[in-house]
Amino acid sequence: MPLSRLTRAAGTLAAVALVAVTSLAIATPARAADDAVYQGLGGTTGIKKIVATFKPLVLADPRIKDTFSDSDMDHVGMRLEEQLCVLSGGPCTYGGEPMKETHGGLKITNAQFNALTENLQIAMEKNGVATSVANKLVAKLAPMQREIVTK
């Protein structure tokens with residue numbers, strides 16, 4: 001094969017490869033970005049570990065433990081696992097009531113909401129979640145404050 005034809009063929013092959021790689025790069029990040037927080041939490045297994053660490057922290061925290069004294073913490077944990085999975089971009093469904101209905105009569109204060117958030121951050125840290133991932137999750141949870149804080 002003459003050198004000029006070989007050069008053109010190689011150039012065409014390189015162009016096709018570049019288009020294929022570019023197409024893959026364009027198609028892949030959208031999905032990766034969707035569940036990046038979920039993956040950063042360790043997926044479903046990681047979320048379960050975070051919630052398992054979180055529950056005793058909440059029950060030991062004098063600022064909020066009384067709020068949970070009559071709660072079924074296994075049920076609360078299950079709903080929290082679902083919620084964290086959904087908010088982080090995981091393949092889950094939240095089966096609980098809307099936040100406003102669930103917390104409406106509890107007269108939750110900003111201080112209590114912040115204490116719960118602190119405990120969640122501690123639980124994530126104890127489970128090796130990167131600070132950047134933890135901050136992204138907390139940012140996704142922050143808008144719920146309007147529905148939860150009623151006092």
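Colleague: Which helices do the buried residues of H6 pack against?

Modeller: Helices here are DSSP runs of H or I with at least four residues, numbered from the N terminus. Buried means under 20% relative accessible area, exposed over 50%, and partly exposed in between (1.4 Å probe, protein chains only). Contact means heavy atoms within 4.5 Å. The buried residues of H6 pack against helix H3 (43-60), H4, helix H7 (131-141) and helix H8 (145-148). This is a predicted model, where local features need pLDDT of at least 70, side-chain atom pairs count only at pLDDT 80 or more, and totals for chains, interfaces and linings use all residues. Residues are numbered from 1 along each chain as its sequence is written, and side-chain values use heavy atoms, with hydrogens and water left out.

Colleague: Which residues of H6 are buried?

Modeller: They are Gln112, Phe113, Ala115, Asn119, Leu120, Ala123 and Met124. Just after H6, Gly128 has a positive phi of about 75°.

Colleague: How many disulfides does a search of the whole structure find?

Modeller: A disulfide is a pair of cysteine sulfur atoms within 2.5 Å. The search finds one, and it joins Cys85 to Cys92 with an S to S distance of 1.8 Å. The link of Cys85 and Cys92 is right-handed, with 65° about the S-S bond.

Colleague: Why does Cys85 count as buried, and why does Cys92 count as partly exposed?

Modeller: Cys85 counts as buried because its relative accessibility is 1%. Cys92 counts as partly exposed because its relative accessibility is 27%.

Notes. Helix = DSSP H or I, 4+ residues; strand = E, 2+ residues; numbered from the N terminus.
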